Each structure stands twice: as structure tokens, then as C-alpha cells.
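Welcome, and please load the model in your viewer. We will go from one selection to the next, with a short note on what to look for at each stop.

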Amino acid sequence: MGSILLVSAGYTGSIIPRVFQNDVPIVQQEYLKAYGKREPVKPGKTPQPNILFITSDQHYWMRMGYNDPAISTPNLDRLAKSGLIFDRAYTCNPVCTPTRASMITGLYPSQHGAYALGTKLPETVPTIGNYLQELGYKSAIIGKAHFMPLEGSAEYPSLEAYPVLQDLDFWRKYHGPFYGFERAELARPHGDESHVGQHYAIWMEEKLKKEGRSPVEWKQWFRKPDQSKFANSNPAMRKAMNANAATGEAQYGAWNIPEDYHLNSWIASRTIANLDMAKKEGKPFFIWASFFDPHPPYLVSEPWASMYKPENMKLPDVPEGDMEDMPYHYRMTQKNGKRGWGSQYFEDGQGVHGFNIQATDKEKARKDMAIYYGMISMMDKYIGLIIDHLDRTGLRENTIIVFTTDHGHHIGTHNLYAKGGFAFEEDLRIPFIVSWKNHVPANKRTDALVSVVDLAPTFLTLAGREKPMTMAGLDVSPLWLGKTEHIRDWVIAENHFQRTKFYQKSYIEARYKVTWYMQSDEGELFDLEKDPGEFNNLWNQKEYQELKLQLLQRAMKADMAKETCWMPRIGPA
């Protein structure tokens, strides 16, 4: 992990010099005597734009109203009409933690350290919030962070783990800073998951009290944790778990939580509150409204749970024997796979997501799809409330709005129903909209390649400072602003799900995609122009061997090009 850039743990001012320095006082005094103080960073433009970053979670790129008339997303559609749709936007990893860490660092998972689910982004890595703070920005994250795992230890502590999630006394006192964000209002459950707690649980308790209801009524809307979560807590934390853990049973389809207590309602209301705080202070803001839906479990409040009928859902067409030309772990997901085959990939006590037989009956798949659509439509409503508030308050005129997601999803595509060790377009391609009045072209679409690693450097450039050398992503602001039609020739996605047993990389150009492995000689090669559904793997086909070698060579060069150099050479030796 030689690319990880560290800031001194005791340093609380600006990021000087963005890496760990010898902080012994006599050394610091000598540095000051010899070189003086670094000039403060000054914004390169006025007025500085506000930035509203909105994300969904596990959102298949086609499930937007402007792509699929079967789904209703009127607010995202109007956002798209006011801006630019990127039809070839990609994640840098097909699961949550690595991608979300890349969004705020501008680094690939192999560089920032959070290489897989169950790991954490080191709390010393510089993030966009740190850099924007130097420019006078107010920053906040509301909703899902997932920069840390659900388990913690003295060596690898986590604020997003049991039993800290349920220590509500702590969360009443703590609102940041958190990974460079000045303010953090956090939650962790997808749907009714037992991970509920943090600021969201406190918000529900306070809202219930105001309405004259029992402040613990929310507990029945979420699953009770596994008993091991209590047993593994020390006595002090077990007390917090006993007092604040959920008590309900697992649900499916129609969720028993009232809509105005749903995570979407909380995220929208708290985002609006933070927008108002920033406006009152007269500061430019960077606010991330981080929604949890439509990530499974398939669960949503009424009337959204009944909005779409399963019998009206069209499942994807999959050719017979679709996976027969794919690597081993794809083939084993099908109905003729070996039971328990995924256990060979276990490492550090953890498996790879999706490494099981994924066969699902068509009736269940249609029900899942109907709920998935309902989750997206409900989320769209609350995104609309945030955008409406920007319009009402006059903040919209100078606010960059970006909507995207962390990675894709499968409901029957290639007969898959879960994410994990897969690199299809359904896994890696993501919805992506940029809107900024009078700056970003309105009602346009582009096939230009962009990656989530480009978000942080592009935001910083638009905020008025140069892209830091510490970031691997590209400044694609000329694309956003309509000044050019092309910047990237390629994107790369990394999937280092296990330290030694599973590592996959994908190199994607406008036409071709190649995927290779550390532990296997198998791979994938697709012509996305002739075969957009990725049903014909060219990896082993004789007539494509020269093309494969050319693509792998270009991939090696691209992999080198994305390496970072934290500083320039300032002397001959």
C-alpha cells in the first residue's frame, strides 16, 4: 500500500503538506526557520460554487425513467433535463466500501487502502472534505458512509460497527469531523437491517416524542441483532446494545415503517437542514446526500411497495448456456453449480459476495424487481424535495448537482441476482447526471467515459483549486461544462475482494472490455459495440488472441498511468 498518503494524526489545521511529517517540535522549528510557512490556499474563482452530491446505492444504470419508461423517476428525469447525462460512467469497484472511499479520495482502492468490503479507509488519508476546508467550504455527509466495516477491534476500530452503532449517548455528542467532513449525520441499515442506530435512531426517537408516541416504537420496524453481537460486547457496550438494539423480525416487500420515518425522509429532511445552515453562515457548501436505496433487502413502505405489479415486470432475456464461456466462478453461480463451491475463496474468515448458486424462481424475481422499482421511485420523491428546496431558497443558481451511485445490480441479468466477484456492465456501469445552471449543457447526453475516481478532482477544480498530486482521478470538468467531448480513453475497475484468493481487474475502452485475474489464467473479453449484452466472451477465441494481447498491453500502461506521485522532484538528488 505504498500509495497511501498520510496526514499527522495530531494535526487539525490545513493539510500541510498532505503527508505525514516529523512532528517533533525542534524539527518543525527548523523547517520553519529554513523554509518559512506554506502559503495559504486561495480559491481561484469567485463566487465559489456550492456542491450537492446525491447518491443512491446498488442502482442498476438502466433503472432511470429516461432509460426505462416502465419506472417512474420524475425528479431525476427533470434533473437530467436540466443537465448532462453520462451514459458511459463507471464505478471503480463493484461493491460499496472501496467505491465510496474512492469518491472522496480521488484514489483507486489499491491506493487508498479500503480494498474490499470488511476493511476501512484509513482515517489519515486526505479527502475532498480536507481540501475544501482549506477553501472555506462547509461540508457534511448525511446518510450512508460505509467507509468502515461492521466489525471492529482495538487494532482496527470502527465507528460503523456493533456495538458502537447502538451507543446513542455517543452519537448524541458526536457529529464530526468524519473523514474530512465537518459534519456527519450517519446511519448504517439497508431497509430493516439490524445495523440501525447512530444519528438516524436518535432522529426517530425525537420525532416520535414530538408526536406523543413511544420513543422506542422504531425498534419494531427493524430486525433484532444476532445474539452474538450482544455476547461479543464488553459489559459497558452490552448495556448500550440492550437499551438501543432493534427488536423486530425480518420483513420482505411492504415495510411496516411509516413513510415519514423512512431513511429517505430522514436523509431529505437533514440535507435540507444542512443546506439552510450553510446558507445562514454564508459559506459555500459541499453536502453529500447519501441514500441507501435501492440496495436490498427488497423492502419499502406503502404505497411504494404496491406501486409496481410483479406480473408486469419483464425479466431480462438470457441465452441458454450464457455462462459456459465465462471463468469458473461465473459458471458455478448457475443452477448446475457445485453446492458450497464458494468456500474455496474464504480468507480471513470471510467469503466473496455472490459466490453461491444464484438460481431464483421467476415469480420471486418478478416480486423482487417490483419492489426494487418501488424503492427507486420512493427515493426519487425525496431527491425531488431536496432539489425543490434549492429552487425555493435561490441556492440552485450557483449549485453543482451530481447524481450517481456506487455500483450496479443484477435481477436476472446473466441469471445473476447478487453483486460480488463479477465485472459485467450491470456491475460496473452506473447512472450519472451533472447539472449546474448556465454552466453545464442542459438536456444533453454523452458517451464520454468517466469514473467515480474523477469526482473529487473535478469538484476541487470547479471549487477553484488545482487537482492535488495525491489524486489519481482526472479533472473532467471540461466534459461537464461542455467544453470538450472526450478526456478519458479508458477506465479501470479493481475488485480485490480477498487479499490472496480473489483479485480481478477490468480495463474498459469505448468499444472493448478486458478482465483479468491474479489467481487464474481465465478472463473476459467483450466487444461492447457488437455485443452490448456481453453474451459472447472472446477471451479464448482464436481470432481474437492478437486483440487480447493488445488490450492487455494497453491495460498495463493504463494501470501505470493511474499511479500517483505525491510530490514533484524539487532537486537533482
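Start by selecting threonine 97, which sits in helix H3, residues 96–105. Keep in mind as you look around that this is a predicted model.

Is threonine 97 buried or exposed? Its relative accessibility is 0%, and because buried means under 20%, threonine 97 counts as buried.

Next, show the surroundings of this residue. Leaving aside residues up to four places away in sequence, threonine 97 touches Ala114, Ala116, Leu117, Thr119, His146 and Phe147.

Now zoom out and select residues 49–464. UniProt, in an unreviewed entry, places the feature "domain: Sulfatase N-terminal" on this stretch. Colour residues 49–464 by secondary structure and you will find 31% helix and 14% strand.

The next stop is a sheet. Display strands S12, S13, S14 and S15: these 4 strands form an open sheet in the order S12-S13-S14-S15, with antiparallel pairing. At the edges are S12 (491–498) and S15 (524–527), each of which pairs on one side only. Neighbouring strands here are turned against each other by 10° on average, with direction ignored.

Focus on S12 first. How many residues of S12 are buried? The count is 8 of 8, so the strand is mostly covered, with buried taken as under 20% relative accessible area. Follow the chain onward and a hairpin of 3 residues takes you from S12 to S13. The two strands run antiparallel and are joined by 6 bridges. To see one bridge pair, select asparagine 495 together with its partner in S13, glutamine 504.

Step across to the other pairing of S13. Strand S13 (residues 502–508) and strand S14 (residues 512–517) pair in the antiparallel sense over 5 bridges. Here, select isoleucine 508 and look opposite to find lysine 513 in S14.

Notes:
Residues numbered from 1 in each chain as written. Predicted model: local features only at pLDDT ≥ 70, side-chain atom pairs only at ≥ 80, totals over all residues. Heavy atoms only, no water. Pairing = 2+ DSSP bridges. Axes fitted to C-alpha atoms, helices over the stretch in contact; angles between N-to-C directions. Buried < 20%, exposed > 50% of the residue type's maximum accessible area, 1.4 Å probe, protein only. Contact = heavy atoms within 4.5 Å. UniProt positions renumbered as here; feature names shortened; annotations may be inferred.
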